[in-house]
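Please read them beside the coordinates.

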Amino acid sequence: MENKDLISQLLPDHLLHEILLKLATKDSVKTSILSTRWRYIWQRVPGLDLNQTNFRYKGLKGFVNRFLDLDKKSLIYQLKLEFDGRKYETEGSLFNKWVDSVVTRGFQHLVVVAKIFGSCNKNNYCPIKLPGSISMCETLVHLKLVEVGIDSFDSVSLPRLETMHLLSVWFSSEAALERLISSSPVLQVLYIEKVWNVEVIRVRSQTLYSLRMRIWKRDLDWNKDLTKIGLVIDAPRLKSLNLQIHRFKDLVLNSVCSPLKVDISISEGEFNPINSLTMKTLRTFIAWISNVTNLALNYRCLEAMYAYSSSEPLPQFSNLTHLEVSMDSSCLKLLPTFLASCPNLKSLELWVHDHRLDILDISRSTMPKCLLTSLKFVTIYSTAMISSSVENQVETELVKYILGNAAVVKELTLRFILWAEEHRFQLSKQILAFPKLSSACQVFLHSSFF
């Protein structure tokens, strides 16, 4: 029986173009050998997804130029480029030409990964910069920039931009970043991972619902110490916040309701309750997150809240139903204090990164209400490795504490990948001997995290 190309026979060209648009361009080109009809289909795909590593020297430049010149009136929905920005440093105008040629052709998605490997640190300059034409693109929906520079444009208007990802992006000023965000009136998702030449990040958006930042900010000189970041948020519709910041300087909240989900990690804790300015920032932050339903904290945040509670009582996190805490042995004494402020907690996840337990009897800590009335699911993840007995391990004490005090818990799960089989067996025997307040509680032990 003769093989038939049913796909090309049954589907019209515009659907084939949409299918190939989902592929990297190098894979789209390969379809040209399938049949006569497929030979030129890839040339009419409304977009490019290219990586310089798939070309010989300067091959990327020639390919993009030829593709964009095939039909200058055709629609180009997306442009995805990954290249070594150092090799194209002297040809920045060429990159600008590519972007300029697509902004008026129904352009919706721009992804640029210019691997300049720190070149933007030299003389406060970035070799690959976004052209001004993109700042007034009326059709742009998705923008992702990696190691690209952005100047202060005379005008910025991105009326359809919904998602923005900025990774290691250099800005000519703090105002340039602020303007890019505030001039996107329908922006919904914003992700920022390391920015250059910005000390205070200002996020002002009336439509933003998801904000994620990973900032381990350095001065433009790689050899200088990490500096502190200030953050101003004016986003009344924010629902999800994820912050991973090395050193936190200040937090200003304007017209911001408490989001539903918050994930905060700080690498260096500088919250001194004796310092009035720090205390004011911490008070603002804690009050802001006290109405969340889903909260994740690392041990630095937990330490800050514990220090805060020694001067002022923590507010009640009455809406909080899911809590995730990344902790070491020093945080064990802090946990009951925070749980006491979570009266309706139902689910608890604990990530343990340090196995040795200081001399501490956690059972003598304040008994949180949630253990008696609402906590039903507990998961403990262990990333630590032990080489001796499971006695006095953080994980062991946590299990003992929860089983002995959680009255309505249904499931307690332990997940560890670095424990030897003999240690898991020892822990299993100990768990069987622990008193259990909830007769319905089931205990599960797994040697993987998933």
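1. Lys194 is a residue of strand β7, strands (E, at least two residues) and helices (H or I, at least four) being DSSP runs numbered from the N terminus. With a relative accessibility of 11%, Lys194 counts as buried; buried means under 20% relative accessible area, exposed over 50% and partly exposed in between, for a 1.4 Å probe and protein chains only. Ser168 is 26 residues away from Lys194 along the chain, yet their C-alpha atoms are separated by 4.8 Å.

2. On the source: this is a predicted model, in which local features need pLDDT of at least 70 and side-chain atom pairs count only at pLDDT 80 or more, while totals for chains, interfaces and linings use all residues. Residues are numbered from 1 along each chain as its sequence is written, and side-chain values use heavy atoms, with hydrogens and water left out.

3. The chain has 450 residues, 49% of which count as buried. Its secondary structure comprises 12 helices and 18 strands. Among contacts (heavy atoms within 4.5 Å) between residues at least 6 apart in sequence, 66% join residues at least 24 apart.

4. In α6 (residues 174-182) the buried residues are Ala176, Leu177, Leu180 and Ile181. They fall within an arc of 130° when seen down the axis of α6, so they line one face of the helix; the arc is that of the directions from the helix axis to the C-beta atoms. An α-helix has 3.6 residues a turn, so residues three or four places apart point the same way. The cover over the buried residues of α6 includes β5, β6 (163-171), β7 and β8.

5. Most residues other than glycine have a negative phi. Glu147, although not a glycine, has a positive phi of about 55°; Glu147 sits in the loop between β4 (142-146) and β5 (149-150) and is buried, at a relative accessible area of 15%. Asn197 is likewise not a glycine and has a positive phi of about 65°. Asn197 belongs to the loop between β7 (189-196) and β8 (200-204), and with a relative accessible area of 24% Asn197 is partly exposed.

6. Which residues touch the most other members of the largest nonpolar core? They are Phe171, Ile201, Leu295 and Phe338, in a core of 121 residues. A nonpolar core is a set of buried Ala, Val, Leu, Ile, Met, Phe, Trp, Tyr and Cys residues joined through side-chain atoms within 4.5 Å. Helix α11 (residues 394-405) gives the largest share of this core, 6 residues. Leaving out residues up to four places away in sequence, Phe338 touches Leu295, Leu297, Leu302, Met305, Leu314, Phe317 and Leu323.

7. A second, separate core has 6 residues, including Leu16, Leu20, Leu21 and Trp38. Helix α2 (residues 13-21) has Leu16, His17, Leu20 and Leu21 as its buried residues. Viewed down the axis of α2, these fall within an arc of 140°, so they line one face of the helix.

8. UniProt, in an unreviewed entry, lists residues 11-50 as "domain: F-box"; its positions are given in the numbering used here, feature names are shortened, and annotations may be inferred rather than shown by experiment. Over residues 11-50 the chain is 38% helix and 10% strand, with the end C-alpha atoms 26 Å apart.

9. Leu50 is part of strand β1 and counts as buried at 6% relative accessibility. Not counting residues up to four places away in sequence, Leu50 touches Thr25, Phe55, Leu60, Phe63, Val64, Lys80, Leu81 and Glu82. Leu50 and Leu81 are 31 residues apart in sequence, with a C-alpha to C-alpha distance of 5.1 Å.

10. The second largest cavity holds about 50 Å³ of space. A cavity is a set of points, on a 1 Å grid over the protein atoms alone, where a 1.4 Å probe fits but cannot get out, and lining residues have an atom within 4 Å of a point. Its lining includes Leu20, Leu21, Trp42, Phe67 and Gln78. The elements giving two or more residues to this lining are α2, α3 (25-30) and β1 (47-51), and β1 supplies the largest share, 3 residues.

Conventions. On a 1 Å grid over the protein atoms alone, a cavity is a set of points where a 1.4 Å probe fits but cannot get out, and a pocket is an open set with protein on both sides within 12 Å along at least five of seven lines; lining residues have an atom within 4 Å of a point. Grid points are joined across faces, edges and corners, and a volume is the space filled by probe spheres set on the points.
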